[in-house]
Amino acid sequence: MSSQNWFHVCSVQDMPHNGGVCVKYGDHQIALYYFTHRNEWYASQNLCPHKQQMALSRGMLGSQQGEPKVACPFHKKTFSLKDGHCLNDETCGSIAVYEVRVKDGQVYIDVSDIEQEVPAGEPASNMCS
Ligand code: FES
């Protein structure tokens with residue numbers, strides 16, 4: 001079992017309410033979501049597995065029987081933000097989801113499952129939208 005590796009993203013004030021942003025981690029794009037009305041945070045890969053679009057950070061947030069979800073803006077494939085499975089098309093692949101932590105007004109994502117070393121000297125944190 002790998003240990004957690006908390007990657008600092010931004011402050012809470014930088015986030016749109018009930019929306020997402022794209023975060024760069026090395027060559028990876030992570031979608032970070034803030035469900036303001038539920039005070040819940042989630043993160044997933046930004047890549048939609050349906051047609052390989054970097055789009056999930058711009059998706060519509062919602063819930064299905066209490067389960068938080070994001071709908072891709074292209075063709076509305078909808079993914080659970082708890083475990084990443086596709087809720088409305090069993091032929092569509094799942095997405096990777098990551099743990100989020102908020103401490104002292106700062107937002108962190110656990111990137112320990114991302115097999116990527118951020119090259120030394122490059123900025124590790126960078127909003128891409
Ligand atoms: S590319 Fe996301 S639903 Fe088609």
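Visitor: Let's start with strand β3: how many of its eight residues are buried?
Guide: Six of the eight, so β3 (residues 28–35) is largely enclosed by the rest of the structure. Buried means under 20% relative accessible area, exposed over 50%, and partly exposed in between (1.4 Å probe, protein chains only). Strands here are DSSP runs of E, at least two residues, and helices are H or I runs of at least four, numbered from the N terminus.

Visitor: Before we go on, what's this based on?
Guide: This is a predicted model, where local features need pLDDT of at least 70, side-chain atom pairs count only at pLDDT 80 or more, and totals for chains, interfaces and linings use all residues. Residues are numbered from 1 along each chain as its sequence is written, and side-chain values use heavy atoms, with hydrogens and water left out.

Visitor: Okay, back to β3. How many bridges does it make with β2?
Guide: Seven, in the antiparallel sense, with β2 covering residues 19–25. Two strands pair if DSSP finds at least two bridges between them. Lys24, for instance, has Gln29 in β3 as its bridge partner.

Visitor: And what's in the turn of that β2 and β3 hairpin?
Guide: Two residues sit between the strands, and Gly26 in the turn has a positive phi of about 60 degrees.

Visitor: What about β4, parallel or antiparallel to β3?
Guide: Antiparallel, with six bridges joining β3 to β4 (residues 40–45). Phe35 stands opposite Glu40 in β4. That hairpin has four residues between the strands, and Asn39 takes a positive phi near 50 degrees.

Visitor: Switching topic: which residue has a positive phi between β11 and β12?
Guide: Asp104, at about 55 degrees, in the turn of a hairpin with two residues between β11 and β12. The loop with Asp104 lies between β11 (100–103) and β12 (106–110).

Visitor: Is Asp104 buried or exposed?
Guide: Exposed, because its relative accessible area is 73%.

Visitor: How many bridges hold that pair?
Guide: Four, and β11 and β12 pair in the antiparallel sense. Arg101 has Tyr108 in β12 as its bridge partner.

Visitor: Last one: where is Gln65 found?
Guide: In the loop between β7 (60–64) and β8 (67–71). Gln65 has a positive phi of about 50 degrees although it is not a glycine.

Visitor: And why does Gln65 count as exposed?
Guide: Because its relative accessibility is 82%.
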